[in-house]
Amino acid sequence: MPTETAARLVAAFAWAMAVSVPLMAGLMRRRGLTPVLRLSGALLLGGTLLVAASPWLPAALLGRAAQAAGGAGLVAAAMSLAGSARRMGVISAGFGMLGAAGPLLGAQLSHAVSWRLSLSVSLLSLLALPAVGRHAAVTAPPTAPRSRFDARGAALLTVLATALVLLPHAPAAALGSASAAVVAVAVAALAVVAVAVALLALHVRRRPDGFVPAALVRSPLFLGSSLLALALSTSYFTLLFAVPRLLADRAGWDVTAAGAGQLVALLTGSALSWLLAAASARLGRTAVRAVLVTLGALAALLAVFASWGPLLLVATLGGVFGATGANAVLSMQAASSVPAPQRPTAIGLFSLCYQLGGAFGPAIATALVLGGA
């Protein structure tokens, strides 16, 4: 697959995932879990067929976006059904381990068969939908009272999420170019974010029970949990992209050794994060946050100052531990900040903050490490 094609497919998936999680959570809040599962399954199936069969790149990009939207619905459903930090820890650790092993599996499938097959593996998740649907019919969270759909709030949030996903790329490009056009793009991206934030804030005041509930944006617990998850996620994705280059530049490791070492660190950190989730109820909110902040800061310091290869891998381990642990524990804290009918929305907006780290992190790594090579 050409590098440019791969970049476009990754960008389409990342954008659709970030935008779709709060939209799917909003649908769940109004209609319940079963419609979200059905729509997610249809999007996954249709998107995979487009990716697997279409000879045209625009159709493949549309299919990849549909896959991401379907996956976002399944993520929102899983987080809503978890119900506790311990169960969410299992889910989050699984996400982390699959995210670590996924690129290796995809590369093997792409080399042995086709890159289209490597992008179709998510279809296996459809096998679990019947069982999840039966479970959801019994344990689904309560839905909010029926009211007129807040289309304007949903549109403004989508515009804001899109601008935030695209924002890191413009300043990163501007750092490496004195072109007036590039700087203008960066300024325009910042302006779109600022306008979208202002309009959404005004809309929330007019429609406090709308797509973005006022109770959420006024909750210190929700805001604190979401912003901390954003910081830890950004740190993790920065390390994910920067550490392989640091291993080569500072420790002299080749590509194979760096890849194998990082894979072990990612798998280990993801698995260990479940221990934090399992112990979170006993530790308490303050202690858990102290652990997450300490590990996140230590991982960043190691990445900045360490020159020994194993210490750089410890930075990766600490980064993934902090991010997956935050996703497990802080998502449940964020959801607990609002009444039960609004919890799907809280989880969706929390997940959006976490997903934004996947947009900010690579851009930071490019600006600080990769771009200088």
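These are my notebook entries on what I looked up in the predicted model shown above.

**Ground rules**

I number residues from 1 along each chain as its sequence is written, and side-chain values use heavy atoms, with hydrogens and water left out. Because this is a predicted model, local features need pLDDT of at least 70 and side-chain atom pairs count only at pLDDT 80 or more, while totals for chains, interfaces and linings use all residues.

**Entry 1: the whole chain**

I started with secondary structure and got 15 helices and zero strands. Helices here are DSSP runs of H or I with at least four residues, strands are E runs of at least two, and both are numbered from the N terminus.

Next I checked burial: 47% of the 373 residues count as buried. My cut-offs are under 20% relative accessible area for buried, over 50% for exposed, and partly exposed in between (1.4 Å probe, protein chains only).

The accessible surface of the chain comes to about 17300 Å², and 72% of that belongs to carbon and sulfur atoms. Those areas come from the Shrake-Rupley method with a 1.4 Å probe; for residues, only the protein chains shown count as cover.

I then looked at contacts, meaning heavy atoms within 4.5 Å. Among contacts with a separation of 6 or more, 81% are between residues 24 or more positions apart.

**Entry 2: helix α3**

I checked α3, residues 57-82, for its span. Its 26 residues reach 37 Å from the first C-alpha to the last, close to the 38 Å expected at 1.5 Å a residue. The expected span is 1.5 Å times one less than the number of residues.

Is this helix enclosed or open? I found 21 of its 26 residues buried, so α3 is largely enclosed by the rest of the structure.

**Entry 3: S40**

S40 sits in helix α2, residues 33-53. At 0% relative accessibility, S40 is buried. Leaving out residues up to four places away in sequence, S40 touches M24, G70, G73 and L74.

I also looked at where its side chain goes: the S40 side chain reaches the backbone oxygen of V36 at 2.7 Å. I call this a polar contact, a pair of N or O atoms within 3.5 Å; within protein, one must be able to donate a hydrogen and the other to accept it, and residues adjacent in sequence count only if both atoms are side-chain atoms.

**Entry 4: salt bridges**

How many salt bridges does the structure hold? I get two, using a side-chain nitrogen of Lys or Arg within 4 Å of a carboxyl oxygen of Asp or Glu. Side chains of opposite charge can pair when their charged atoms come close.

D150 and R207 make one of them, at 3.6 Å from N to O. That pair links distant parts of the chain, 57 residues apart: D150 is in the loop between α6 (129-139) and α7 (151-166), and R207 is in the loop between α9 (180-206) and α10 (214-217).

R207 also meets D209 in a salt bridge, again listed at 3.6 Å, N to O. I noted D150, R207 and D209 as a network of salt bridges.

For burial, D150 comes out buried at 5% relative accessibility, and R207 is buried too, at 15%. D209 is partly exposed at 46%.

**Entry 5: a nonpolar patch**

V195, L199 and L202 make a nonpolar surface patch of about 250 Å². Patch residues have over 30% relative accessible area and no salt bridge; like charges are joined within 9 Å, and nonpolar side chains (Val, Leu, Ile, Met, Phe, Trp, Tyr) within 5 Å. L202 is in helix α9 and is partly exposed, at 44%.

Q262 lies in helix α12, residues 255-283, and is buried at 9%. Its side chain reaches the backbone oxygen of L240 at 3.2 Å. Beyond four places in sequence, Q262 touches L239, L240, V243, P244, L313 and T316.

L239, in helix α11 (residues 220-251), is buried at 5%. Apart from Q262, I listed P244, A299, A303, A315 and G319 as residues that L239 touches, with those up to four places away not counted. L239 and A300 are 61 residues apart in sequence and 7.9 Å apart in space, C-alpha to C-alpha.

Back in α12, is V264 buried or exposed? V264 is also in that helix, and at 52% it counts as exposed. V264 and L313 are 8.8 Å apart in space, C-alpha to C-alpha, and 49 residues apart in sequence.
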